[in-house]
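Hi,

Here is the structure I said I'd pass on. Have a look at it first, and then my notes on a few of its strands follow below.

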Amino acid sequence: MQAKTPNTADLLSGHPNAVYGVAWSQNGRLIGSASLDNTVKLWDATSGKQLARLPGHGDGVSAVAFSPDGKTVFSSSLDRSIKIWNIASRSLVTTVAAHSNFVWSLACSSDGKSVVSGGYDNTLNVWTPDGSRKQSVGVGGQPILAVAMAHPRAGGWFVAGSKNSNAYVIDPDATKPRLTLAGHNGAIEGTAVSGDGKTIYTAGQDKTIRSWDSRTGKVNRVIDGHASYVQSLAISDNGRLLASGALSGRIRLWDTATGRLLRVLSGHTNTVYSLAFSPDAQRLVSGSFDRTLKVWQTSTGQRVTRKS
């Protein structure tokens, strides 16, 4: 069950501080990473070559997201801002004063029309791609640690995972949540939504992953298996794989249809803060407090290493 890899160089290497955010572009060519070294980096997903280093944030960068057309990358930061970058020119387009406290989580819709952020000011904000705010909802009275979005054809609603142990489902243009997902016994650190919008996944400090019916808010399944806090969550585009990263540094891959554990990925030596699948679900990228990025083959659990 547990995959082992030789101690060879990681495909991606270059951040001198913790990696808090990762993303994979929809065309499969780029990986983005966000670090407490205050930078965003862009990488060739095949060769591992660093293509760009984007400095400018005044504090650690917490998350990164690509627009679906691959022309723009968004980054959020502990400096309370969101920055919008042009990928072709490697240049800053604009800086958005996004929250009144740390901006901790970020996602871009699959149609590219909305960007959602969660902050330590206890709010979920929704933005146009050029940085104009179109919705702001205060929920839960505690920081929003994770955000996710349903596909527009499934309603385009948002999920906010809170430090207060609840997750909230919020419709576009709403001023309050439609559903409160209560059941975790600890902060929710990861959220994900199935492509058809029928299922919401949450994970957190109670060491569990829960799947919920997005219409009723009822729990479908509780998945145990991690021995420490679950810090990150990602679902593949085809909806078949769920990845969870933990405080221990271990990553687990799950079959979404059955909740069965497929394999354990070992290699990180500290908390896995972020995960993202390649569009074809054949690879997974992870970012960790151990200052490394790792790329994994999902079919085998083997770590992808740099070619000599």
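Let's start with S26, which is joined to strand S27 (residues 283–288) by five bridges, the two running antiparallel. Across that pairing, Ser274 has Gly287 in S27 as its bridge partner. Both belong to an open sheet of four strands, ordered S26-S27-S28-S29 and paired antiparallel.

On terms: strands are DSSP runs (E, at least two residues), numbered from the N terminus, and two strands pair if DSSP finds at least two bridges between them. Buried means under 20% relative accessible area (1.4 Å probe, protein chains only).

A caution too: this is a predicted model, where local features need pLDDT of at least 70 and side-chain atom pairs count only at pLDDT 80 or more, while totals for chains, interfaces and linings use all residues. Residues are numbered from 1 along each chain as its sequence is written, and side-chain values use heavy atoms, leaving out hydrogens and water.

Now for S12 (residues 123–127): five of its five residues are buried. Thr123, Asn125 and Trp127 point one way, Leu124 and Val126 the other. In a regular strand, side chains alternate between the two faces of the sheet.

Trp127 is worth a click: its bridge partner in S13 is Arg133, and Val115 is paired with Trp127 too. S12 and S13 form a hairpin with five residues between them, and Gly131 in the turn has a positive phi of about 100 degrees.

Cheers

Key:
Buried < 20%, exposed > 50% of the residue type's maximum accessible area, 1.4 Å probe, protein only.
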